[in-house]
Amino acid sequence: MTEVTLDGLTKVYSDSQGTETAVEDVSLTIEDGEFVVIVGPSGCGKSTTLRMIAGLETVTDGVIEFGGEEVQHLTPSTRDVAMVFQNYALYPSMNARKNIEYGLKHSTDLSKSERQERVAETAEMLDIEEVLEHSPEELSGGQKQRVALGRAIVREPNVFLLDEPLSNLDAKLRSSMRHEIQRIHDEIGVTSIYVTHDQKEAMTMADRIVLLKDGKMQQIATPERLYNEPNNLFTAQFVGSPSMNLLDVSLESDGEDVVVRHEGSQICTLPATGGLPDGDTVTAGLRPEHIEISEEPGDETVPAEVVVPEYQGKTNFIHVELLGQMITVRTEPDVLPEKDSTVHLSIDSANLYLFDTQTGETLKHRETTGRESVRASQQS
Amino acid sequence: MSVISQTKQRYDNLTIKQKEVYLGYALILPSVLLVAITLVYPLLYNFYLSFTEVPLTPAESPEWIGLENYMTLISDPDFLVALRNTFIFTLFSDIGATVIGLGVALLFTKEFFGRRLARGVVLLPYIAPLIASAFVWQWIWDPTYGVGQFFFADLLGLYDSGTDLRNSLTMVIVFESWRYFPFAFLLILARLQSIPDELYEAAKVDGASRWARFRDITLPELKYVIATVFLIRWIWNFNVFADVWLFTRDVPVLGVFVYQTGFNQFEQGIAAATSMIMLVFLMLFVAIYVTWVIEW
């Protein structure tokens with residue numbers, strides 16, 4: 001039973017060139033058995049955070065607790081964590097079996113036969129029994145990844161740490177290994193912390209996502225919540241693919257409604273619920289999947305010119321120019337307007353996000369349907 | 001038609017592939033000639049000389065005496081001493097230089113103040129001219145005024161004052177190990193620095209001790225570079241002449257034996273036979289080593 005708590009975790013690197021804060025005041029609690037994904041752009045401090053939890057990096061300030069016990073001063077092996085590295089880090093001189101057994105040999109008192117048994121069980125779980133006698137260089141990328149996972153699982157650790165484990169695999173293998181990792185997590189139920197730069201991996205795998213930027217935590221929430229109710233502009237843009245379209249808009253209240261205008265043209269109206277700044281310029285966010293496109297103008301539609309119709313198969317991305325601003329619209333597969341043609345966009349104000357242009361803070365997020373909000377509240 | 005234009009005609013008729021083959025031959029021809037003149041011819045001539053008695057005057061031809069030179073050598077106690085010395089010298093100075101080189105290289109894997117400068121200093125024994133090193137070592141170990149003598153015998157009492165350590169096989173081995181450890185150091189350090197940190201981190205997470213990490217990660221990764229350094233040093237040490245000769249005249253190794261036999265006693269047939277024996281020993285060693293140790 002291991003709950004992981006980070007409290008004010010900070011890492012500052014300093015050398016003759018000056019100091020650099022890689023991680024700043026990260027505080028969060030990961031529940032026992034939870035699968036948490038730390039995500040963010042490169043250099044955001046996600047790997048450093050993971051390495052501090054692993055004990056591979058010293059902590060400048062703050063506390064790391066496993067099950068209520070402070071561990072930040074302990075060596076990696078005494079923390080009883082297991083880690084999967086981006087480049088697998090398999091010991092080149094040992095075959096797959098010895099690689100998996102190595103941790104058991106050095107951090108447990110198990111007898112040789114008990115160790116062999118554990119290795120056999122793990123190999124069966126990961127379907128790598130046939131390659132146990134192979135050396136790492138004889139293994140394919142996927143097999144290496146499985147051996148690396150096996151090496152971590154076999155130790156039955158308190159906490160399972162994964163540092164971008166799938167980024168060296170090709171796209172097809174990546175998605176199958178993603179399911180594999182989820183299956184293993186469901187099976188062994190160890191508290192897991194997974195680092196990736198890929199928001200899609202985070203969205204599909206995580207119980208909760210921790211979003212970092214410049215070493216600071218932006219938000220920790222379930223994937224649904226992160227998608228529907230981002231705290232700020234950065235989170236809103238990071239989550240979702242293609243990313244959210246942004247428009248500079250002005251808000252004008254006419255008593256009953258708030259009119260949202262871009263470059264003087266009305267793009268939609270919001271019911272005046274109060275709390276929105278009147279007459280100010282704010283940033284509007286619209287997800288490509290929340291814009292409707294049609295060939296005929298209708299009530300409250302805005303005309304736009306098709307710049308690039310991008311055929312994708314199961315869905316299409318239509319890049320259009322709306323009053324001097326490029327935006328992307330996601331459509332059904334049968335909707336593929338011609339280049340340079342004029343289309344009409346209708347924007348549902350329920351799906352509109354508004355952000356403070358200066359601070360990036362969310363002023364209004366999407367109004368979710370019942371099903372989604374129920375699920376989000378259950379998980380958070 | 002002239003010969004030149006005939007040749008040109010024939011060349012023009014070749015296919016591109018054939019032309020490339022001829023171009024290849026033409027390009028390596030100068031080096032093949034050079035190697036033939038400086039290596040192959042002397043080697044063959046030496047092989048021939050080893051079966052002859054070589055007269056002092058160049059006006060007379062060498063006299064064929066069959067295997068007599070080889071028979072003389074086998075029963076010559078001086079040759080047997082030199083052979084024994086050569087093996088001991090080669091083995092231990094090779095091990096010495098490689099082990100010191102490995103040890104020093106390991107010290108350099110960690111970042112420390114003045115590392116670049118220290119790296120330069122470590123290379124000095126290898127860079128300094130041999131003659132200077134040999135003479136300085138002679139002075140250091142001089143039994144009357146040497147600083148080594150003062151420190152190790154007079155101060156620490158490790159051996160009796162007044163003993164001359166210089167003319168022993170052991171001291172030659174120490175000198176050679178000191179002089180050539182930077183070579184091992186350089187090659188081993190280059191390999192050490194290319195071992196991914198992640199391997200050590202994975203082992204730390206797995207709970208491996210410092211020694212276990214060295215044994216299970218560092219050593220296997222260094223296997224080939226260490227084996228290669230050992231092989232190269234073996235070849236050089238086995239043929240050694242100058243290092244030993246300049247340091248002391250009292251430790252005959254085969255290189256010194258060949259020089260003395262050939263150019264002091266002018267028994268050039270016997271000297272030729274000795275160098276043939278050295279060549280055979282070396283080739284045998286390399287063949288065995290490459291087959292069973294390096295497994296190339």
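In the predicted model, 18 residues of chain B and 22 residues of chain A form the contact (heavy atoms within 4.5 Å). About 1,600 Å² is buried between chain B and chain A, with carbon and sulfur atoms giving 58%; buried area is the accessible area (1.4 Å probe) lost by two parts on being put together, summed over both. On the side of chain B, the residues that lose the most area to chain A are E198(B), V205(B) and D206(B), together 42% of what that side buries.

Two salt bridges are counted between the chains, a salt bridge being a side-chain nitrogen of Lys or Arg within 4 Å of a carboxyl oxygen of Asp or Glu. One salt bridge joins the side chains of D206(B) and R155(A), at 3.2 Å from N to O. Helices (H or I, at least four residues) and strands (E, at least two) are DSSP runs, numbered from the N terminus.

Chain A contains an open sheet of five strands with antiparallel pairing, in the order β15-β19-β16-β17-β18; pairing requires at least two DSSP bridges between two strands. Because β15 (291-294) and β18 (325-331) of chain A each have a single partner strand, one side of each is left without a neighbour in the sheet. Strands β16 (residues 301-311) and β17 (residues 316-322) of chain A pair in the antiparallel sense over six bridges, and V308(A) has H319(A) in β17(A) as its bridge partner.

Residues are numbered from 1 along each chain as its sequence is written, and chains are lettered from A in the order in which they are written. In this predicted model, local features need pLDDT of at least 70 and side-chain atom pairs count only at pLDDT 80 or more, whereas totals for chains, interfaces and linings use all residues; side-chain values use heavy atoms, without hydrogens and water.
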